[in-house]
Amino acid sequence: MPSAIGAHVAPAPQGSALPTVEEVSAGGVVVDRHDDGLRVAIIARLNRGGRLEWCLPKGHPEGRETHAEAAVREIEEETGIAGDVLAPLGSIDYWFTVSGHRVHKTVHHFLLRATGGYLTIDNDPDHEAVDVAWVGLPELARRLSFPNERRIADLARDLLPEGF
């Protein structure tokens, strides 16, 4: 049975020869007011095939962190932007296979107000982010690579407080 740090190894689903690992991450949408309107910090990662994918920052909780605390820390590590949580945005889950096991990953997303910092990937301890960018809120859904993250971005836009 494989081991994974911070993950729970579950039995393989019926009919599957591979064991399943349950993983949890947290991240989200950090919004900043700028001269041109609202913008969101997103990161680029290389997928296993070497293709660049733009996505919302996220990562695994450490120690006894809540999902919200992990989201704040991960967003700052991966983008350089500090933020305060405004609202939960819900969770998404997906499956992938890696190193002889299937991974069922659940990601808890939050809406954050940017409070400081500057764009950088230099503080990403895992060096997963290869680029970071501010994207205008109206263009965000078109820029993100994954449909489930585009839905989270749409929800974030709808939940922004009046006069943000």
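Predicted model: local features only at pLDDT ≥ 70, side-chain atom pairs only at ≥ 80, totals over all residues.
Glutamate 149 touches Trp54, Cys55, Leu56, Lys58, Ile92, His109 and Leu144, leaving out residues up to four places away in sequence; a contact here means heavy atoms within 4.5 Å. Residues are numbered from 1 along each chain as its sequence is written, and side-chain values use heavy atoms, with hydrogens and water left out.

**Glutamate 149 and its helix**

- You will find glutamate 149 in helix 3. Helices (H or I, at least four residues) and strands (E, at least two) are DSSP runs, numbered from the N terminus.
- Is glutamate 149 buried or exposed? Glutamate 149 counts as buried because its relative accessibility is 3%. The cut-offs are these: buried means under 20% relative accessible area, exposed means over 50%, and partly exposed is in between (1.4 Å probe, protein chains only).
- Helix 3 covers residues 147-159 and also holds aspartate 154 and arginine 157, which sit three residues apart, about one turn of the helix.

**Salt bridges**

- How many salt bridges does the structure hold? There are ten, where a salt bridge is a side-chain nitrogen of Lys or Arg within 4 Å of a carboxyl oxygen of Asp or Glu.
- One of them links aspartate 154 to arginine 157, with the closest N and O atoms 3.2 Å apart. Aspartate 154 is partly exposed at 29% relative accessible area, and arginine 157 is partly exposed at 38%.
- Some salt bridges share partners, and in this way Glu62, Glu65, Arg73, Glu74 and Glu77 are joined into one network.
- Arginine 73 counts as buried because its relative accessibility is 16%. Glutamate 74 is buried at 5%, while glutamate 65 is partly exposed at 21%.

**Charges over rings**

- Two arginines are worth looking up here. The charged end of arginine 39 sits over the ring of tryptophan 134, 4.1 Å from the ring centre. To count, NZ of Lys or CZ of Arg must be within 6 Å of the ring centre and within 35 degrees of the ring normal.
- The charged end of arginine 143 sits over the ring of tryptophan 54, 4.6 Å from its centre. These two residues are 89 residues apart along the chain, yet their C-alpha atoms are separated by 6.8 Å.
- Arginine 143 belongs to helix 2 (residues 140-143) and is partly exposed at 34% relative accessibility.
- Apart from neighbours within four places in sequence, arginine 143 is in contact with Ile42, Trp54, Ala133 and Val135.

**Nonpolar cores**

- The largest nonpolar core has 22 residues, and those with the most contacts inside it are Val29, Val31, Val40, Ile42, Leu111, Leu140 and Leu160. A nonpolar core is a set of buried Ala, Val, Leu, Ile, Met, Phe, Trp, Tyr and Cys residues joined through side-chain atoms within 4.5 Å.
- At least two residues of this core come from each of strand 2 (20-34), strand 3 (37-46), strand 6 (81-98), strand 7 (101-117), strand 8 (129-136) and helix 3.
- Which element supplies the largest share of this core? Strand 3 does, with four residues.
- Leucine 160 touches Val31, Leu38, Leu111 and Leu137, not counting residues up to four places away in sequence.
- A second, separate core has ten residues, among them Ala26, Val30, Ala70 and Ala71.

- Strand 6 and strand 7 run antiparallel and are joined by 16 bridges; two strands pair if DSSP finds at least two bridges between them.
- Tryptophan 95 stands opposite histidine 104 in strand 7.
- The two strands form a hairpin with two residues between them, and serine 99 lies in the turn.
- Most residues other than glycine have a negative phi. Serine 99, however, has a positive phi near 45°, and histidine 127 has a positive phi near 55°.
- Serine 99 is exposed at 65% relative accessibility. Histidine 127, in the loop between strand 7 and strand 8, is exposed at 61%.
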